[in-house]
Protein chains: 2
Amino acid sequence: MTIKLDDVAKLAGVSKTTVSRVLNNRGYLSEETKKKVNKAMKELNYQPNAVARQLFRKKTNLVGLIFPTVDNPFFGELVAELEPRLFKAGFKVFIGNSMNDPEKEKAYLRELISNQVDGLIVGAHNYNIDEYMNTNLPIVAIDRIINKDIPVISSDNYQGGKLATELLIKRGAKFIVITDGPLSLQTPAHKRRQAYKDVMKAHGLEPRTFLINFSWSIEKKKRSIEKMFQKFPTMDGVFATNDIDAAMVWQTAEELGIEVPADLKIIGYDSAHSTRLLLPKLTTIEQPISAMAEAAVHTLLQRISGENIICEQVLPVRVWHGRSV
Amino acid sequence: MTIKLDDVAKLAGVSKTTVSRVLNNRGYLSEETKKKVNKAMKELNYQPNAVARQLFRKKTNLVGLIFPTVDNPFFGELVAELEPRLFKAGFKVFIGNSMNDPEKEKAYLRELISNQVDGLIVGAHNYNIDEYMNTNLPIVAIDRIINKDIPVISSDNYQGGKLATELLIKRGAKFIVITDGPLSLQTPAHKRRQAYKDVMKAHGLEPRTFLINFSWSIEKKKRSIEKMFQKFPTMDGVFATNDIDAAMVWQTAEELGIEVPADLKIIGYDSAHSTRLLLPKLTTIEQPISAMAEAAVHTLLQRISGENIICEQVLPVRVWHGRSV
């Protein structure tokens, strides 16, 4: 029987994360905890796996990126901003499109780890993937919570949600619906929804959430948006938490003869480069994609070289003023 | 002095391509040519480079993709369609964004070759890059001519240009301008322009080309498009050879108070997934991106396994009917 991290954790009476931190000497740990874990490892004759041993191997100059899909203006621009920076720093870049499928994400992770990448930048949105816990690879997450040891780069999602909701209210909208993905995806982007709720309540307005899942097909999204118009016939504002959904809401409004912004005000989120080129009329919250890429690469390089890093970096957002609000 | 492929070619009195084909045993070669080349190699004591020797090494299960940038709806979707297919076939995928810079493309090629990829799929647009000639790697090109030994997957660019121009004329446009990149980029996409010219001439109309370079900044493109409106004040039709340019032409028309499609008819090219979501009103020529990815991966896998392949595959296009023509 192979002894696993789990067995060590159970015998030591600590969590798997703690064992992983002891193995990687990362994060704050009391001397007592370290002793307990080391004792348990000794007792069980625990051999850290191949990945752990990788620490002592030479650099491969490979970095893996895992994102839902580059067929999306936000992730496309993000990858296009990350890759040349990594290349300039001497790294070749692997890419995986996880499509928010946990099995696919796990498969990528195993492949990338076995390929001995020097580090990972991940923006896929699955939680509780053991592979992340059991590796001592340097990892940086973008807009995603993996575990508390992995640094997260994000833009100011709460501020973005606040700006969007306040703008809709300022322009006269009262029945405002937010579209968002399922809360089961662990992402700081849910702070957009929290800010929306807080602002609505502060103005005595009722918050309403309508679920649109990022990984649904276009047809399913379209039908779902039509249902939203049926469910909320007096809706006069939509805060869509990504621009593709905002564009689809706008198109559905046009099909129904609802005028934007006169009868319905719409604000999106992301404002990626190609979205601004194709649909500059969409009012939206602009994420600083280039600065996020810069911060992610900088943090990853620090982690790879063994430096201490700041655990969360939140970059400022601003409103892109189109003509939809 | 190191003996190069060039020296062998000169002594044998054949082209570098021919020497490369002899080395790789690829394409039709007469016995006489083979003898000449082998004799010259022997005389010069020519040692095929590391890349050539790679043939005899074991597979790495790595494939490199080189495209201008994934921050573009067409290339973003193409990469998103290629990568999962390659992953499913057991390959991990490297990605490089060349931004149409020949130096960057060369640097990527050298890196990928030294990393011993099993094959390459390229859609970057530079010509005469020696690195492509001197490698015996399996390569598949998408919408790009590298040399006659490398298979090209493209959609029917001539048919697309014909459909676009005929539609503009059918709807009443007479002063039609085509926007296109420089002819120095060797791509079958120039057939769109050729079809435009042929159709215009067949209708007794004067073809007019306006240059917009893919790699220009947004600001430069914008200023350039404004100049196009100044230069051609009676223009009533634009055939933009990509959707981003078409969207920018439309926005400029709106700013100038020109009504689309009443006063100006606009047709784009590509019809990528995210473009159709963001700007479904744009009439455009739809490239079969998913089928192109399928054909490229299929051909690359055939090449990697040493099979003979068809040298050019042209896939059908169709019109996406929006409301801009």
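B:Glu83 touches A:Ile95, A:Gly96, A:Asn97, A:Lys104, A:Tyr108 and B:Val93, leaving out residues up to four places away in sequence. Contact here means heavy atoms within 4.5 Å. This is a predicted model: local features need pLDDT of at least 70, side-chain atom pairs need 80 or more, and totals for chains, interfaces and linings use all residues. Residues are numbered from 1 along each chain as written, chains are lettered from A in written order, and side-chain values use heavy atoms, without hydrogens and water.

B:Glu83 sits in helix H5 of chain B; helices are DSSP runs of H or I, at least four residues, numbered from the N terminus. Is B:Glu83 buried or exposed? Buried, yet it has no salt bridge. Buried means under 20% relative accessible area, with a 1.4 Å probe and protein chains only. A salt bridge needs a Lys or Arg side-chain nitrogen within 4 Å of an Asp or Glu carboxyl oxygen. The nearest side chain of opposite charge, A:Lys104, is 4.5 Å away; Lys and Arg count as positive, Asp and Glu as negative, and His and chain ends are not counted.

What does the side chain of B:Glu83 join in a polar contact? The side chain of A:Asn97, at 2.7 Å. A polar contact is an N or O pair within 3.5 Å; within protein, one donates a hydrogen and the other accepts, and residues adjacent in sequence count only if both atoms are side-chain atoms.

Now the whole interface. Chain B gives 39 residues and chain A gives 39. The rule finds four salt bridges across it. One of them pairs B:Glu254 with A:Arg323, 3.7 Å from N to O.

How values were computed: Helix = DSSP H or I, 4+ residues; strand = E, 2+ residues; numbered from the N terminus. Buried < 20%, exposed > 50% of the residue type's maximum accessible area, 1.4 Å probe, protein only.
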